[in-house]
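Please look at the sequence and the structure shown here.

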Amino acid sequence: MATIKDIANHVNVSIATVSRVLNEDPNLSVNPETKQHIFDAAEQLGYKKHIQKKTKQRVRIAIVHWYTETEELNDLYYYSIRQGVEKKLENDEYEYIRLFQNANKQPDVKVNGVIAIGKFSHRQMQHLKNWSSNICFVDNIHALPTCDAVVADFKQATINVLSHFIKRGHSRIGMLTGEEKFPGTSEVLKDPRYDTFRDYMRSHNLFNKKYCFKGTFSVDSGYDMMDNAIQTLENDLPTAFFCANDAVAVGALRALKDHQLRIPEDVQVIGFNDSSVAKYVSPSLSTVRVYTEMMGETAVSLMKERILEQRTVAKTVTLGTELIFRESTQ
């Protein structure tokens with residue numbers, strides 16, 4: 001088993017320096033690079049006692065969710081992000097507390113960092129800074145510039161969907177999307193998917209506002225939006241629809257079937273998120289796969305850099321997506 005002396009020889013520093021770094025001596029003056037080399041060597045040589053002790057006893061992360069518990073159960077996208085965060089924290093033996101839609105309430109215990117999942121108003125984000133200077137926002141394109149953020153590349157994902165439709169000869173392409181608001185406010189949040197849809201379709205002289213419908217991100221709303229489209233557009237109904245999440249797409253598929261429209265022969269549909277239901281509905285749903293658990297894991301990695309390496313420069317990590325083809329487009 002590796003000893004402190006082994007680590008000191010590996011990094012070429014004194015045994016005393018290694019001991020004081022591993023025991024987090026607050027009076028020790030050592031540059032962050034040397035500190036990280038010592039931690040890396042301890043991990044590489046199998047000296048894990050200090051890591052377990054430090055993370056288990058001294059590091060606590062607050063996971064703040066912009067949803068209530070009930071809302072999260074109805075949206076597996078955010079549930080999966082949180083699962084990614086918690087699995088990574090547990091694997092690294094960090095403590096954490098979980099707060100749902102509670103950004104205005106101070107935690108009862110001291111926290112070393114905050115991972116905030118979802119959209120938060122500027123006032124809420126500023127309030128979170130009172131909890132800790134180490135903050136990582138997940139799925140928030142409007143995160144404070146001094147904080148870390150993890151987002152999915154919604155813009156490129158939308159372009160990939162539209163490019164696929166256009167290459168296959170579709171010129172009437174519609175979109176079904178939802179609107180979200182900050183809890184307790186009337187402020188409507190912009191959906192980057194809709195903005196990209198509009199701009200990309202305009203660049204190809206294909207945008208028609210009457211083909212776009214807005215509701216909520218739910219199955220019922222997806223059904224209502226597609227039902228409205230079928231009844232109002234009649235013979236001018238788009239031959240392809242991009243839905244801003246899988247729940248909306250599932251509702252849209254039901255409405256198409258209730259109106260005896262064939263999928264994909266008459267209308268093709270692509271969803272977003274690749275939730276677990278996408279492959280089991282009939283017909284199975286083509287969709288954009290978002291690596292939600294990886295978003296959560298990445299947030300934890302960024303948080304560790306903030307805490308262990310004392311990084312002060314903000315980072316934004318943008319994760320790619322993958323277009324998955326199933327029966328609704330084939």
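**A residue and its sheet**

Gln 268 is found in strand 11, where strands (E, at least two residues) and helices (H or I, at least four) are DSSP runs numbered from the N terminus. This is a predicted model, in which local features need pLDDT of at least 70, side-chain atom pairs count only at pLDDT 80 or more, and totals for chains, interfaces and linings use all residues. Residues are numbered from 1 along each chain as its sequence is written, and side-chain values use heavy atoms, with hydrogens and water left out.

Reader: Is Gln 268 buried or exposed?

Author: Buried means under 20% relative accessible area, exposed over 50%, and partly exposed in between (1.4 Å probe, protein chains only). Because its relative accessibility is 13%, Gln 268 counts as buried.

Reader: In what order do the six strands of the open sheet lie?

Author: Two strands pair if DSSP finds at least two bridges between them. The edge strands, strand 9 (212–215) and strand 14 (321–324), each pair on one side only. The pairing in this open sheet is mixed, and the order is 9-6-10-11-12-14.

Reader: Which residue stands opposite Gly 174 in strand 10?

Author: Strand 6 (residues 173–178) and strand 10 (residues 240–243) run parallel and are joined by four bridges. In strand 10, the residue opposite Gly 174 is Phe 241.

Reader: What angle does the direction of helix 8 make with that of strand 11?

Author: Helix 8 (residues 154–167) packs on the sheet, and strand 6 and strand 12 are among the strands in contact with this helix (heavy atoms within 4.5 Å). Axes are lines fitted to C-alpha atoms, for helices over the stretch in contact, and angles run from 0 to 180 degrees between N-to-C directions. For helix 8 and strand 11 the angle is about 165°.
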